[in-house]
Amino acid sequence: MCGIVGAVAQRNITPILLEGLKRLEYRGYDSCGVALHVDGQLQRSRSTSRVTDLEQQIEEAHLKGFTGIAHTRWATHGAPASHNAHPHFSPSADLARIALVHNGIIENHDELRAELTALGYVFQSQTDTEVIAHLVDDMYNGDLFDTVQQAVKRLTGAYAIAVFHREEPHRVVAARQGSPLIVGVGQGENFVASDAMALAGTTDQIIYLEEGDVVDLQLGRVWIVDSNGKPAQRDVKTVQAHTGAAELGPYRHYMQKEIFEQPRVIGDTLEGVTGIMPELFGDGAYNVFKQIDRVLILACGTSYYSGLTAKYWIESVARIPVNVEIASEYRYRDSVPHPNSLVVTISQSGETADTLAALKHARSLGMEHTLTICNVATSAMVRECKLAYITRAGVEVGVASTKAFTTQLAGLFLLTLALAQINGRLTDAEEAEHLKSMRHLPVAIASVLALEPQIIAWAEDFARKENALFLGRGMHYPIALEGALKLKEISYIHAEAYPAGELKHGPLALVTEEMPVVTVAPNDALIEKLKSNMQEVRARGGQLYVFADVDSRITSGEGVHVIRLPEHYGLLSPILHVVSLQLLAYHTAVARGTDVDKPRNLAKSVTVE
Ligand code: G6P
């Protein structure tokens with residue numbers, strides 16, 4: 001998704017801007033650009049290719065400057081074309097006075113566009129961003145900081161912006177509302193970025209701007225005002241941002257590497273967990289858990305599916321009712337609030353706009369007990385929630401989430417046990433047994449990874465298909481959903497998942513010899529029911545690809561292909577089964593030759609609505 005980097009320094013900042021863009025690349029983008037203050041003029045370079053291409057253009061043009069901004073764009077308004085790439089200039093490319101980059105969506109852009117067009121501005125792009133550039137130019141009163149404070153009052157929607165003016169060569173002004181933005185404080189130089197990771201290696205002194213903040217960055221000065229224009233004190237934090245995406249090592253893609261990292265990161269996530277106690281989720285968790293009598297889970301995408309899995313766990317083990325809601329629906333739904341809910345947001349990035357908005361919505365309805373399961377300790381989600389469990393998946397580069405998902409499941413299982421304990425539903429012996437199983441997870445996952453050669457053989461068949469069905473039952477139904485999502489995200493094969501019992505109510509009509517039906521078939525209480533559903537598929541000529549357990553008693557035969565996971569893992573079985581589905585999606589995508597780590601149209605961190 002879109003990324004911002006900006007700098008004011010007394011040295012050439014192009015390497016800092018480009019390095020920052022590279023660090024943000026993994027989030028997904030379709031164009032990128034840099035604008036610099038060069039000898040009293042604004043100059044820019046933009047590309048619809050990769051940041052390395054932009055770097056080459058900049059080198060060839062000998063572009064250097066002390067003040068500038070840079071951006072990776074993920075198209076919302078207007079196609080991913082070079083004229084829509086940021087930075088945008090105003091009033092025009094030739095007479096540029098203003099350069100501006102923007103993350104988010106301006107909802108009143110049509111109205112502002114009409115107004116600015118009437119004033120004589122000629123738009124060069126279809127973006128909502130160009131509207132802000134012209135608005136700032138039109139309102140400019142000789143002081144960019146003051147102008148931006150006035151201009152943002154005219155905007156509705158979400159934004160993080162960084163802007164500079166031709167007549168103020170050592171100044172970048174930035175503002176945020178609904179999209180993340182941080183300031184990096186240096187020695188006699190200052191920076192702004194949409195994520196602290198963009199500034200790793202440049203500065204670790206980070207200020208997290210709050211909603212409505214506007215910041216004035218000059219060489220030795222960082223000055224922030226809040227949404228009322230009042231000076232605001234914001235703490236400077238020392239942040240150990242990751243120094244960069246890890247090396248690929250022996251792997252072909254980051255996604256493959258991340259799938260294979262799962263034994264280690266699950267181990268890391270559980271490190272230090274010596275027993276089940278509410279404090280695993282933060283100080284005060286005991287009091288919160290005591291007060292709640294239901295759970296509301298809010299999330300998007302893969303994180304939503306981890307929430308769906310947790311519903312099965314929490315209801316059956318802790319006996320607490322759970323509602324799982326897609327964040328973008330919940331935030332606008334006229335729901336019935338329940339003040340004794342534990343509101344759990346799940347997010348690998350901690351930045352997803354819809355999940356953050358859903359959290360705020362829940363709070364506005366009087367639900368104050370909030371907890372997040374999140375992979376980024378410094379994220380907005382962690383700052384906005386009372387309680388947190390930080391998973392330790394490390395940076396996930398592949399857009400399709402893998403290790404972030406399984407570490408979320410590990411965190412959610414711990415939450416299940418903590419809630420069960422408070423509810424008097426976890427004996428010491430059960431606690432010890434569950435912890436033993438969790439600690440064995442890295443070994444159990446490694447044995448699933450060893451099935452890779454068999455899965456590669458299946459992937460060859462899948463690569464020739466355009467449709468696939470995924471079936472699961474009980475807590476493996478969300479795993480079937482996640483398997484189908486993985487396949488469609490990276491191989492572009494149309495895939496749908498159903499609870500297997502629902503097959504006869506519609507999707508069975510799709511089953512022919514051409515339809516591969518992936519079945520998640522652990523040896524659990526529903527296995528016999530599932531076998532009947534599989535018969536329904538075979539009777540229509542459908543091809544079954546079954547992930548069974550060692551003792552599911554399903555054998556290969558005509559139209560039935562079986563891979564056996566080495567052990568049945570009880571309640572934690574979803575964590576093992578999803579790994580086999582990740583490998584199937586990955587190898588199918590490789591066989592089809594898609595851009596596995598950066599699938600078309602998708603972004604890693606979705607900071608717009
Ligand atoms: C995007 C990513 C998905 C992710 C979803 C939710 O769509 O591509 O992998 O599951 O956002 O993101 P979050 O950071 O909130 O887990």
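User: Quick one to start: which strands does helix α4 lie across?
Analyst: In this predicted model, α4 (residues 129–139) lies across β5, β6 (98–106) and β7 (157–165). Its direction is at about 130 degrees to β6.

User: And what order do the strands of that open sheet come in?
Analyst: The order is β5-β6-β7-β8-β12-β13, six strands with antiparallel pairing. β5 (88–90) and β13 (221–225) are at the edges with a single partner strand each, so one side of each has no neighbour in the sheet. On average, neighbouring strands are turned by 20 degrees against each other, ignoring direction.

User: How many bridges join β12 and β13?
Analyst: Five, in the antiparallel sense, with β12 covering residues 214–218. V215, for instance, has I224 in β13 as its bridge partner.

User: Switching to aromatics: how many pairs are there?
Analyst: Eight aromatic pairs. One of them is F281 with F289: the centres are 5.9 Å apart and the planes at 55 degrees, so that pair is tilted.

User: Are those two buried or exposed?
Analyst: Buried, both F281 and F289. F281 also pairs with Y389, with centres 5.3 Å apart and planes at 45 degrees, so this pair is tilted. That links distant parts of the chain, 108 residues apart: F281 is in the loop between α7 (262–270) and α8 (285–291), while Y389 is in strand β19 (residues 387–390). Y389 is buried, at 6% relative accessible area.

User: What sits over the ring of Y492?
Analyst: The charged end of R600, 3.8 Å from the ring centre. Elsewhere, R44 lies over the face of F89 at 4.2 Å from the ring centre.

Technical notes:
Residues numbered from 1 in each chain as written. Predicted model: local features only at pLDDT ≥ 70, side-chain atom pairs only at ≥ 80, totals over all residues. Heavy atoms only, no water. Pairing = 2+ DSSP bridges. Helix = DSSP H or I, 4+ residues; strand = E, 2+ residues; numbered from the N terminus. Axes fitted to C-alpha atoms, helices over the stretch in contact; angles between N-to-C directions. Contact = heavy atoms within 4.5 Å. Phe/Tyr/Trp six-rings, centres within 6.5 Å; stacked < 30°, edge-to-face > 60°. Buried < 20%, exposed > 50% of the residue type's maximum accessible area, 1.4 Å probe, protein only. Lys NZ or Arg CZ within 6 Å of the ring centre and 35° of its normal.
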